[in-house]
Each structure stands twice: as structure tokens, then as C-alpha cells.
Amino acid sequence: MCKRPEPKVEDSTKPVEPPAVTKLAVAPTHSATKRNTDYDWLLFLGPALFWKYTNVWPIYAVFVVRFIATHVILSLHWQLVDKDNYLNKISQKQIQREKDDYMTAFYMHMWTQVALQIIFPTMFFSDSSEILACAKEAFLCHVFLVEPLYYAVHRWLHVPTHMKAMHGFHHLSISTLPSTSLVQNFHEHMVYICTFGPAFLIPFLLQGRQHWTVIGGYLVAFDIINAWGHTNVRIRHWLFHSKYSPLTYLFYTPEFHLGHHAYFNANYALFMPIWDHLFETYRDYKKKDVEMLPADQQDFVFIGHNGGLGHLFTIPELCFYNVYDEYVRTWLPIKVEFFIMHVICQTTRIFTKFYYCSRFCIANQYVGRIICLARTPWDYMSSPKAYQGLNEEIVELMRQEHKKFGTRKFGLGNLNKMKQLNDGGLVIAKMVQEDEYLKDKNIRVWTGDTMTVASVYNQIAEIPKLDSFFYIGAGGKVGTAVCEMLLRERPDLKICIFSRNQCLDHPNITYSTDLSDIVNYRVVLVGKILSAQMYEKAFQGQEKCKTRFVLDYTVPALLVPVFGQRPENIQHIRVGLLKTFPNNPFLKGHYDLCMSHDENHIVPCHFGCLLNTISGRETNEVGDIDQNEVERVWKLTLSKGFQNIAIDYSTAN
């Protein structure tokens with residue numbers, strides 16, 4: 001009989017302990033208060049109210065160009081610099097903090113421009129023939145006025161009082177993104193408006209001319225150059241470092257400004273280091289050249305697919321700040337969202353069939369990567385006639401990655417292993433053996449489902465005083481294994497399965513085709529996606545409801561509004577999800593992006609494949625689940641510092 005494992009493990013699988021954390025005494029800043037961004041759209045639309053008094057189109061034109069430029073830079077930096085650097089992981093806390101504030105500068109500049117256009121209309125709408133002259137004057141004012149003024153202001157901001165009140169918020173980011181350059185608090189933004197404004201205000205006051213295109217161009221150029229200083233690009237050419245080269249003093253490198261973030265009391269200059277050299281505050285700084293595993297090493301690939309529009313919104317190429325966001329739904333029906341995403345993916349397939357996520361390091365020895373087919377749920381819900389093409393594409397990806405990197409081990413994610421498609425990977429394993437190129441390459445195909453069973457089983461087995469639960473989606477191999485293992489350990493446990501097909505014959509198992517029976521159970525386990533409308537109908541008119549916890553291991557776990565609308569405040573909790581402590585050495589890099597869950601979490605089937613990798617498994621893991629393996633993989637999971645999410649079942653009445 002397979003019993004739930006005890007927390008203790010053998011010495012050979014000694015758990016990885018989280019490192020001791022020493023809390024430093026850091027002076028508090030305003031950053032302790034999270035900015036409410038719910039009404040930012042009003043800040044954006046507000047300037048339009050002044051359309052009768054001034055031309056507001058230039059204001060929005062500048063905003064749009066700055067917004068696009070910022071996100072293009074973020075995207076390029078991710079793809080060209082950070083994507084495969086598994087040693088430079090940006091924390092979710094920093095991402096969320098910067099996401100809340102990086103647009104503040106744009107909004108403030110819009111409102112400042114509204115005021116200035118009304119007060120000094122000719123400052124923005126001089127004759128277009130004077131644009132070039134205005135641009136030259138703004139450039140000269142920046143070099144000879146703004147640069148030294150910024151140096152002085154920046155040093156003033158590092159006075160402890162001002163650092164605590166304003167500038168400390170920016171310095172919370174040690175590992176920077178290009179858009180970290182935009183992250184300051186409200187008061188510091190006002191200081192910078194006064195610092196940079198003279199670049200176009202002084203020429204206007206002296207010459208009586210200025211144009212909004214020059215001001216907009218200055219702001220866009222400023223954003224780009226400022227973002228450059230917050231990238232992780234290493235420029236080591238002598239032209240930027242030799243004391244005999246003018247560029248050493250006239251234009252900065254990213255490491256010059258990153259040195260300021262590292263030292264705090266050096267490298268204060270904006271774009272021209274000459275001021276630090278003149279006032280002896282310059283300090284040389286070079287980021288450590290750390291060794292990573294070879295760029296052409298790729299030991300394991302987890303094959304995924306697009307999960308719909310909500311999945312698209314979280315990819316870092318669109319906006320890095322969304323990578324840990326929940327799966328976002330629009331007002332459209334889910335099938336319509338899938339179809340729209342299907343059209344997008346079909347267009348993408350003109351250029352590429354596969355989307356490459358960032359690589360990550362496993363146990364300091366192996367390199368893994370998630371690669372997604374440019375396919376959506378629409379493809380998997382279509383006619384079975386399309387299944388052969390999907391399977392052939394999976395094998396094509398295996399062939400391609402083996403030719404490029406010698407990759408032998410592949411995991412099948414989510415719908416890529418569904419029974420109707422390839423019988424839980426069995427068809428893929430057979431196709432590999434019949435493929436002319438792959439048949440003698442010792443390719444291994446894994447579903448990771450043993451780990452999914454281990455996670456879900458232990459999540460349910462740990463619920464105190466559980467005597468019954470309602471199970472949606474128990475008909476698959478994961479559900480079948482979970483039920484069988486639970487009933488062996490808890491002979492008195494009662495399970496009601498929502499299904500028309502009776503997949504298990506056991507005296508403790510009953511079946512229901514009426515979803516409204518859900519209200520008779522305190523705990524509900526969900527392994528199959530149902531529409532929000534089905535849940536709404538099930539709860540409609542139900543005055544008495546025992547349901548308190550809906551434990552959902554579907555991917556993606558979609559929001560069901562009715563749960564939160566019930567007076568019982570039903571908790572909809574995503575399970576089938578493993579978590580670990582920050583900086584766990586077992587996994588390094590962004591292995592946890594774009595999955596609609598928090599940092600340092602991973603879906604069990606993916607993690608199961610990683611355990612197969614480090615264990616040197618040389619057999620396939622496809623088809624039915626070997627329940628005798630469940631306890632072993634769970635112990636190994638705990639030994640690597642990963643565990644199920646904790647749920648407090650005492651919170652509900």
C-alpha cells in the first residue's frame with residue numbers, strides 16, 4: 001500500500017534548507033506604501049479635457065512614442081541580454097514595484113505639458129521652419145546646463161534626508177531593467193522636471209521659439225539614453241575607458257551608472273562622466289564576468305503551447321512587467337479568446353513555429369528550456385484530423401533541438417500529452433522510434449504526470465478531518481491515480497465524481513451529472529476546466545452551501561467570479577503547484593515566467609521532468625502512471641526544497 005510519505009527523508013536525500021536571512025536595519029522610505037494604479041487611466045485621459053483651450057494631440061503623440069520606445073527597449077534587452085542569463089533573475093517584488101511606478105513620469109509630463117501649453121502657447125507651436133534651430137539650442141542647453149545641474153541635484157538627492165524621502169525608492173533596484181530609469185517617487189519626478197526643463201525652456205525664453213516635436217524628441221531621446229545606463233550591456237572598448245579618449249568623459253556606459261547603483265556615493269553624472277572626473281567622484285566599476293554553462297548546452301526541453309490571450313499578455317517580449325501576472329480574461333467568451341489567439345498564432349507561424357522561453361540551470365549541471373509550439377487551445381479542440389499534424393510538429397521540434405544542441409530529453413506539457421492527441425505521450429514515443437533521424441538517438445519522452453499525482457495526492461491527503469470531497473475531472477489518468485491512492489490510505493473517504501462516465505468502480509465512489517451537487521461538499525477538487533457560466537448555474541438559487549475550498553489544478557486556472565460572490569466567500573485556490581524558497585540553488589533563472597503563478601513556483605509535471613533529468617532516467621515516462629513511483633518522487637521533491645503550497649483550512653466556517 002502506497003502511503004503518504006513522512007516529512008523526514010533519508011540522508012541520501014537530505015532536504016535543501018533555505019539560507020538564513022539576516023534582516024538589515026534599513027531606513028524606511030515611502031516605498032512601504034503601495035501605489036494604487038487603478039485610476040491611472042484617468043491620469044491618461046485627463047489632459048483631453050483641455051482640448052478647447054489647447055491642442056492636446058501633441059501631448060498624446062509624445063506619450064505614445066515614449067510608451068512604445070520604452071517597451072521596445074525592454075523587449076530587445078530581454079531578448080538580446082537577459083533572456084539566457086540565468087544568473088540575473090529579477091525578483092517578482094522588484095518587478096511589481098517598478099510596474100506600479102514606471103509610467104508615473106509619462107503622466108506627470110503630460111499634465112506639465114498641458115499647463116505650459118496654456119501658459120506659453122508659442123513654446124510648443126513655433127513655425128515648423130525653426131524646428132532644426134530649436135533642436136540645436138536644446139542640445140546645447142542640455143550639454144552645458146542640464147548635465148552640470150543634474151550632477152549637483154543628484155548629489156543633493158543623496159543627502160540622507162532626501163535619500164530617505166525620495167531617491168532611495170529608485171535605489172531599491174540593484175539589478176536593473178532599462179525602465180528602472182523611470183522609477184522614482186512623485187517628489188523626485190518634480191525635482192527632475194525642474195532639472196531637465198531648462199533644456200527647452202531657456203532657449204524659448206532667450207530666443208522666443210520652441211516646438212513640441214523638439215520637446216517630444218528630447219524626451220524620447222532622453223528615455224532611450226537613460227534606459228541604456230540601466231541595461232546589463234558590457235562595453236569594454238578602450239574608446240570608453242581610456243583616459244586619453246574623449247568618449248570616456250563625454251558619454252557613459254551602462255557599467256558607469258550601474259557603478260552608481262553599486263557604490264551609491266560615486267558616478268553621479270547623467271550621461272557625461274566628465275563631471276565626476278572633475279569633482280573626483282568617479283569610480284571604475286565592472287560587473288563580474290561570471291561563468292555560466294556553455295551557450296550551446298541544452299540538456300532538457302519542456303514542450304509547451306500557448307494557453308490563450310491571457311497567456312500572450314504575460315510574455316516578456318510584450319511587457320516584462322507582466323510575467324508573473326495572473327491569467328487575464330477579457331469580456332469575451334473563452335472560445336472567442338481562443339479563436340483570436342489562434343489567428344495571431346497562425347500569423348506568427350508564417351515566421352516561426354516555435355517560441356523559445358529563457359533557459360535555466362538545473363542543479364548547477366544541466367540546462368533546461370521551455371519551448372512552446374505556436375499553437376493554441378483552439379488547435380487541440382479542433383477536429384481529430386489535425387492531431388497527426390500536431391504530433392508531427394512535436395517530433396519536428398525534438399529533431400530540430402537534437403540537431404542544434406544534442407538535446408535528448410523532452411517533456412510534454414499540458415495539452416501536448418492529452419489522451420485524445422497522443423495517448424499520454426505513447427504515440428510520440430512510437431513516432432520517435434520510427435523517425436529516420438531520431439530512432440537511434442536515445443531520445444527520452446516524459447510527461448511528468450507521476451509528479452502531478454504526487455503533488456495533488458499529498459495536497460488532498462493533508463487536509464485535516466476530510467471525510468468527503470467533490471471531484472471534477474477525475475476521469476483522466478491523474479484523477480484515477482489520485483483517487484485510487486487516497487482510497488487505499490483512507491478507506492472511509494467518500495468521493496463524488498462529476499462525470500457521465502464511470503471510470504472507477506469502488507463502493508466509496510459515487511457519480512453525479514448535476515454540477516449543483518457541488519454545494520454539498522466543503523472541499524472541491526478541480527482537474528478539468530469548466531466554464532464560469534456552468535458554475536454560476538450550479539450555484540444559482542442555492543441558499544445553503546457547504547463549499548468553502550475549491551482546489552484547482554487545471555492549467556491555466558481561470559477565475560470563476562461566482563466563488564467570490566457567494567456569501568460563504570468560497571476560496572478558489574490553485575493547487576498542483578510546487579513552491580520553493582528564494583535563490584534555491586537547485587533551479588537558477590527564470591524557470592517560472594508566463595505561467596500565471598508567483599515567483600519560485602513551478603507546475604509539478606515540469607518539475608517531474610527536471611527530477612528525471614538529474615536522476616539520469618533513461619526510460620520514457622508516458623502512458624499510465626506507475627503509482628509505486630509516486631512516493632519516491634515526492635521524497636526527492638522535498639529533498640530539493642520544493643513542496644506544495646500551504647493552505648489554512650481553519651479560516652472557513
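Trainee: Which residue forms a salt bridge with Arg236?

Mentor: In general, side chains of opposite charge can pair when their charged atoms come close. A salt bridge here is a side-chain nitrogen of Lys or Arg within 4 Å of a carboxyl oxygen of Asp or Glu. Glu255 forms one with Arg236, with the closest N and O atoms 2.6 Å apart. The pair links distant parts of the chain, 19 residues apart: Glu255 lies in helix α11 (residues 254–263), and Arg236 in the loop between α9 (212–228) and α10 (247–250). Helices are DSSP runs (H or I, at least four residues), numbered from the N terminus.

Mentor: A word on the source: this is a predicted model, in which local features need pLDDT of at least 70 and side-chain atom pairs count only at pLDDT 80 or more, while totals for chains, interfaces and linings use all residues. Residues are numbered from 1 along each chain as its sequence is written, and side-chain values use heavy atoms, leaving out hydrogens and water.

Trainee: Is Glu255 buried or exposed?

Mentor: Buried means under 20% relative accessible area, exposed over 50%, and partly exposed in between (1.4 Å probe, protein chains only). Glu255 has 1%, so Glu255 is buried, whereas Arg236 is partly exposed at 32%.

Trainee: How many residues apart are Glu631 and Lys635 in helix α24?

Mentor: They are four residues apart, and therefore separated by about one helical turn. Their side chains meet in a salt bridge at 3.9 Å, N to O.

How values were computed: Helices (H or I, at least four residues) and strands (E, at least two) are DSSP runs, numbered from the N terminus.
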